[in-house]
Amino acid sequence: RRTAALPYPRALARASQAQSRAFARMMSNKSSFEWATVDPFTMSGSSPGKAQNLVKGEWRDAKETLFLKDPLNGDSFLEIPDVQVDEIPDFVAGLTSTPKSGLHNPLRNVERYVM
């Protein structure tokens, strides 16, 4: 019996290579990441990255943080928020203010769509 080969293996390989090149171009263009505050290529124990919470449309620090260790050398290379119980109401308020269906819904935002 013959086993079935993957369909279009060369096309899949070319698509993967194209994605890799596009990612490399995107990473080399720092101006496209104005919102990014952590560079994954320079993050280390001496220059740790810092994560924040997005609450009600603004980036906030938590009262307490945890440090993740680098699996290669054991240094603390990433500081992440450790949300406490008294901080949860802000998250809940943000969730309850979010509409169940967004403005992408053509029945709610009729003028956006040409019919």
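User: What makes S1 and S5 a pair of strands?

Analyst: Two bridges join S1 to strand S5 (residues 76-81), and two strands pair if DSSP finds at least two bridges between them; therefore S1 and S5 count as paired. They run parallel, and Lys50 stands opposite Glu79 in S5. Strands are DSSP runs of E with at least two residues, and helices are runs of H or I with at least four, numbered from the N terminus. The model is predicted: local features need pLDDT of at least 70, side-chain atom pairs count only at pLDDT 80 or more, and totals for chains, interfaces and linings use all residues. Residues are numbered from 1 along each chain as its sequence is written, and side-chain values use heavy atoms, with hydrogens and water left out.

User: How do you know that S4 pairs with S5, and in which direction do they run?

Analyst: Five bridges join S4 to S5, and the two run antiparallel. Leu68 stands opposite Leu78 in S5. The two strands form a hairpin with six residues between them, and Gly74 in the turn has a positive phi of about 85°.

User: Why is Val83 called partly exposed?

Analyst: Val83 has 33% relative accessibility. Buried means under 20% relative accessible area and exposed over 50%, with partly exposed in between (1.4 Å probe, protein chains only); therefore Val83 counts as partly exposed. Val83 lies in the loop between S5 and helix H2 (88-96).
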